[in-house]
Amino acid sequence: MLGYGVATIGPAIAVGLIFAAYINGVARQPEAQSRLQSIAILGFALAEALAIIGIALAFAIQ
């Protein structure tokens with residue numbers, strides 16, 4: 001389980017970078033918010049999928 005705790009650092013950083021880029025993009029071009037929002041949500045889902053796969057593997061290995 002300690003390994004899973006360390007493995008969650010990657011997806012956490014990825015989610016932070018995704019939404020930081022989204023906020024920066026909307027601040028620069030507010031009219032592109034709807035397009036950027038769908039891309040940000042897709043990136044968030046993919047990053048969180050890595051964390052979910054990691055916890056599934058942590059339980060499968062035990």
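Student: Which element of the protein chain has the highest mean pLDDT?

Tutor: This is a predicted model, in which local features need pLDDT of at least 70, side-chain atom pairs count only at pLDDT 80 or more, and totals for chains, interfaces and linings use all residues. Residues are numbered from 1 along each chain as its sequence is written, and side-chain values use heavy atoms, with hydrogens and water left out. pLDDT is the predictor's confidence in each residue, from 0 to 100, and helices are DSSP runs (H or I, at least four residues) numbered from the N terminus. Helix 1 (residues 2–7) has the lowest mean, 78, whereas the highest, 94, belongs to helix 2.

Student: Is F19 buried, partly exposed or exposed?

Tutor: F19 lies in helix 2, residues 9–28. Buried means under 20% relative accessible area and exposed over 50%, with partly exposed in between (1.4 Å probe, protein chains only). Because its relative accessible area is 31%, F19 is partly exposed.

Student: Which residues does F19 touch, not counting those up to four places away in sequence?

Tutor: Contact means heavy atoms within 4.5 Å. With residues up to four places away in sequence left out, F19 touches A40 and F44.

Student: How far apart are the end C-alpha atoms of residues 39–61?

Tutor: The unreviewed UniProt entry places the feature "transmembrane region" at residues 6–27 and 39–61; such annotations may be inferred rather than shown by experiment. Residues 39–61 are 100% helix and 0% strand, and their end C-alpha atoms are separated by 33 Å.

Key
Helices (H or I, at least four residues) and strands (E, at least two) are DSSP runs, numbered from the N terminus.
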